Amino acid sequence: MSCVLLWNRDESPQNTELILENLPFDEGKVEIYLIDDETYSYPEESKFDIVPYKTIAFDNSPIEIEVGSYGFAYIKVLNEDKITEDELPDARIIRKYHYYPNRGSGNYAEFNKSDWSLWLGMGEVKEALSIVGIELEDAADKYTIHIDTTKEIDKYGKDAYVGVRIDYKTGESYVKAVEYHIICDNTTAPEVPWGTTAKADIVNKVQENEFIIDILGNAPEDWEGKAILTFELQNSGEDSEVVFRVRE
């Protein structure tokens, strides 16, 4: 997925032609969301969901957009032709978590619900911690995690880290955590401020860009399907980015 935000700072509507280059895909769809005096992407029947003003096919052709007076256009380009509904998890998402102790540094950690991808990056800094978590109900027995990187991960100091963590809830409390270390030069992963908030009970070392996390196999007794999946990136070098994709 790629996104662009356009802002018309003029009182007159502006027609523009958007050309997107060097995307990692050639076909997909474009969703256009508008916010101006005449158009908005919030349907009357819902206070929370937003819907596209227009959806068109993407084939690397220029995208023509009219942005209203002092309005905004948010353009989202999706490569959905490679994803089937059967691959996407169907667990219910209860809550999303974000943690940036180095707030203001430009690093980020975001979750895209439409394709269950998680984007973590360093921005213009070499050292920072970015964590994003999704709390689930009716989690699957297993998930496959695909990992993509936009550039080679550099390591700064002994705390360079890329990993995935699962926290299990039974009753009213989170009681167990399992970690998958993808890059970990230290024996200790970053602290996570949700779930058990403690060190993981089980640690697995992963060396592949695609691996399976055994949710049910590591679950405690009396587990009823509630868990938090957490994705972490720390001290991986300037402009580095890791994309996790969750599939069943």
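**Strands, sheets and a buried aspartate**

Modeller: Five of the seven residues of strand 6 (residues 72-78) are buried, so strand 6 is largely enclosed by the rest of the structure. Please bear in mind that this is a predicted model.

Biologist: Which strand does strand 6 join through six bridges?

Modeller: That is strand 1 (residues 2-7), which runs antiparallel to strand 6. Within this pairing, Phe72 of strand 6 is the bridge partner of Trp7.

Biologist: And how many bridges join strand 3 to strand 6?

Modeller: Seven bridges connect strand 3 (residues 28-35) with strand 6, and the two run antiparallel. Here Leu34 has Ala73 of strand 6 as its bridge partner.

Biologist: Changing topic: what is the order of the open sheet of six strands?

Modeller: The order is 7-10-16-12-13-14, and the pairing is mixed. Strand 7 (92-99) and strand 14 (202-205) stand at the edges; each has a single partner strand, so one side of each is left without a neighbour in the sheet. From one strand to the next, the twist averages 15°.

Biologist: In which sense do strand 12 and strand 16 run, and how many bridges join them?

Modeller: Strand 12 (residues 161-170) and strand 16 (residues 226-234) run antiparallel and are joined by nine bridges.

Biologist: Which residue of strand 16 does Tyr161 stand opposite?

Modeller: Tyr161 stands opposite Gln234.

Biologist: Now the open sheet of five strands: what is its order?

Modeller: Its strands follow the order 8-9-17-11-15, with antiparallel pairing. The edges are strand 8 and strand 15 (210-214), each with a single partner strand, so each has one side left without a neighbour in the sheet. On average, neighbouring strands of this sheet are turned by 20° against each other, direction ignored.

Biologist: How many bridges pair strand 8 with strand 9?

Modeller: Five bridges, in the antiparallel sense.

Biologist: Where is Asp115 found?

Modeller: Asp115 lies in the loop between strand 8 (108-112) and strand 9 (117-121).

Biologist: Is Asp115 buried or exposed?

Modeller: Asp115 is buried, yet it has no salt bridge. The nearest side chain of opposite charge is that of Arg245, 4.0 Å away.

Biologist: What does the side chain of Asp115 make a polar contact with?

Modeller: The partner is the side chain of Asn112, at 2.9 Å. Asp115 is thus a buried residue without a salt bridge, but with a side-chain polar contact to Asn112.

Note on methods:
Residues are numbered from 1 along each chain as its sequence is written. This is a predicted model: local features need pLDDT of at least 70, side-chain atom pairs count only at pLDDT 80 or more; totals for chains, interfaces and linings use all residues. Side-chain values use heavy atoms; hydrogens and water are left out. Helices (H or I, at least four residues) and strands (E, at least two) are DSSP runs, numbered from the N terminus. Buried means under 20% relative accessible area, exposed over 50%, partly exposed in between (1.4 Å probe, protein chains only). Lys and Arg count as positive and Asp and Glu as negative; His and the chain ends are not counted. A polar contact is a pair of N or O atoms within 3.5 Å; within protein, one must be able to donate a hydrogen and the other to accept it, and residues adjacent in sequence count only if both atoms are side-chain atoms. Two strands pair if DSSP finds at least two bridges between them. Axes are lines fitted to C-alpha atoms, for helices over the stretch in contact, and angles run from 0 to 180 degrees between N-to-C directions.
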